[in-house]
Amino acid sequence: MNASIPVTRITDHGTAKLMPDVDRERAWLLTVDGAPQSYVDLDEPTYLEFEYARRLGHVLDTVAEAGQALDVAHLGGGALTLPRYVAATRPGSRQDVVEADRKLLELVAEHLPLPAGSGVRQHAADARAWLEAAPDDAADVLIADVFGGSRVPAHLTTRAYAHEAERVLRPGGVYLANLADAAPFAFLRSQLANFSSAFEELALIAEPAVLRGRRFGNAVLVASHRPLGIAALARRVAADAFPARVEHGAAVRDFIGSARPVEDADAVPSPEPPDGAFGIG
């Protein structure tokens, strides 16, 4: 692919653009309807540009011994940033990527192909429908990064969805999700309430300014039945260029407060980001 030529294509769910990074020879930014979706460096798949992606990467690095192969399911495909990361850092991993936008999958396969032997299988399907059809105890890690434009679809925000995720994960498995919200955090609190009804251990990773309600931003939700490596994770996220904090235990319970899990009949998408929160060209 010629690194000087952006690509624009109408896909099933919007207008996708692949734009080259002038500072990195084979690096690309994917946007859909102007919202940044993925950043990929084909020469350096372990490079994670977006802060939330680095936080997800830190969790992936701490869920098992370094280099240990894992079975990972990704809900939301984008440009396959994290599948590439797992393939590079945990060779031999088996990965499933679920992306509702078939034409987006085709665009990425054409211009940003995966290396041979990556162990990644791609499925053009709705994330929840695929999850509900998946067998019990099928994955070590389940990562949700699903946005319709800039909002998480309503059917992926419910208690029933959280329990489907718990069913598909193995007993020691870990669930990760990229979410976004702002004070008073009605959405984020409800999501933590959903997953507290299905998992014993929860953690929340975000910048202090977001957690203090000063601005809209991303937060990574982590859920598991086993104790999470909080100390190692906290060190990693604190060392980032944009340091984050890990909340867990009593702090998460206090954050949830009186929030209740969301039933399917009451589900709504995540909040619309304010103008300029995430948009790019």
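Let's start with one residue. Asn-218 is buried, with a relative accessible area of 18%. Buried here means under 20% relative accessible area, exposed means over 50%, and partly exposed is in between, using a 1.4 Å probe and protein chains only.

A word on the source. This is a predicted model, where local features need pLDDT of at least 70, side-chain atom pairs count only at pLDDT 80 or more, and totals for chains, interfaces and linings use all residues. Residues are numbered from 1 along each chain as its sequence is written, and side-chain values use heavy atoms, with hydrogens and water left out.

Back to Asn-218. Where does Asn-218 lie? In strand 11, residues 217-224. Helices (H or I, at least four residues) and strands (E, at least two) are DSSP runs, numbered from the N terminus. The side chain of Asn-218 makes a polar contact of 2.9 Å with the side chain of Asn-178. A polar contact is a pair of N or O atoms within 3.5 Å; within protein, one must be able to donate a hydrogen and the other to accept it, and residues adjacent in sequence count only if both atoms are side-chain atoms.

Next, helix 8. Helix 8 spans residues 230-238, and its buried residues are Ile-230, Leu-233 and Val-237. Why do they sit on the same side of helix 8? Because they cover an arc of only 65° around the axis. That arc is taken from the directions from the helix axis to the C-beta atoms. These buried residues pack against helix 1 (51-62), strand 10 (201-206) and strand 12 (245-248). Contact means heavy atoms within 4.5 Å.

Zoom in on Leu-233. It belongs to helix 8. Its relative accessible area is 4%, so Leu-233 is buried. Leaving aside neighbours within four places in sequence, Leu-233 touches His-58, Val-59, Thr-62, Ile-205 and Val-246. Tyr-161 is another matter: 72 residues separate it from Leu-233 along the chain, and their C-alpha atoms are 26 Å apart.

Now helix against helix. Two packed helices are described by the angle between their axes and the distance between the axes. Take helix 1 and helix 8. Their axes come within 10 Å and cross at roughly 150°. Axes are lines fitted to C-alpha atoms, for helices over the stretch in contact, and angles run from 0 to 180 degrees between N-to-C directions. The crossing of helix 1 and helix 8 is right-handed. Right-handed means the near helix is turned clockwise from the far one by less than a right angle; left-handed means anticlockwise. Helix 1 brings Arg-55, His-58, Val-59, Asp-61 and Thr-62, and helix 8 brings Ala-232, Leu-233, Arg-236 and Val-237. By class, that contact has four nonpolar, two polar and three charged residues. For the classes, Ala, Val, Leu, Ile, Met, Phe, Trp, Tyr, Cys and Pro count as nonpolar, Asp, Glu, Lys and Arg as charged, and the others, Gly among them, as polar.

Helix 1 has another partner: helix 2, residues 81-89. At what angle do the axes of helix 1 and helix 2 cross? Roughly 35°, and they come within 11 Å. Helix 1 passes helix 2 in a right-handed crossing. On helix 1, the residues are Ala-53, Leu-56, Gly-57, Leu-60 and Asp-61; on helix 2 they meet Leu-82, Tyr-85 and Val-86. The count by class is six nonpolar, one polar and one charged.

On to helix 3, residues 102-111. Its buried residues are Leu-104, Leu-105, Leu-107, Val-108 and His-111. Seen down the axis, they fall within an arc of 160°, so they line one face of helix 3. Their cover includes helix 2, along with strand 1 (7-11), strand 2 (14-20), strand 3 (27-32), strand 6 (94-99) and strand 7 (120-124). At the start of helix 3, a side-chain oxygen of Asp-101 comes within 3.3 Å of the backbone nitrogen of Lys-103.

Last, the loops. Leu-80 lies between strand 5 (71-75) and helix 2. Its phi is positive, about 70°, although Leu-80 is not a glycine. Buried or exposed? Leu-80 is buried, at 2% relative accessible area.

The loop between strand 9 (169-181) and helix 6 (186-196) holds Pro-184. The peptide bond from Ala-183 to Pro-184 is cis, with omega near 10°. Phe-185 is found in the loop between strand 9 and helix 6. Phe-185 is not a glycine, yet has a positive phi of about 65°. Phe-185 counts as buried, at 3% relative accessibility.
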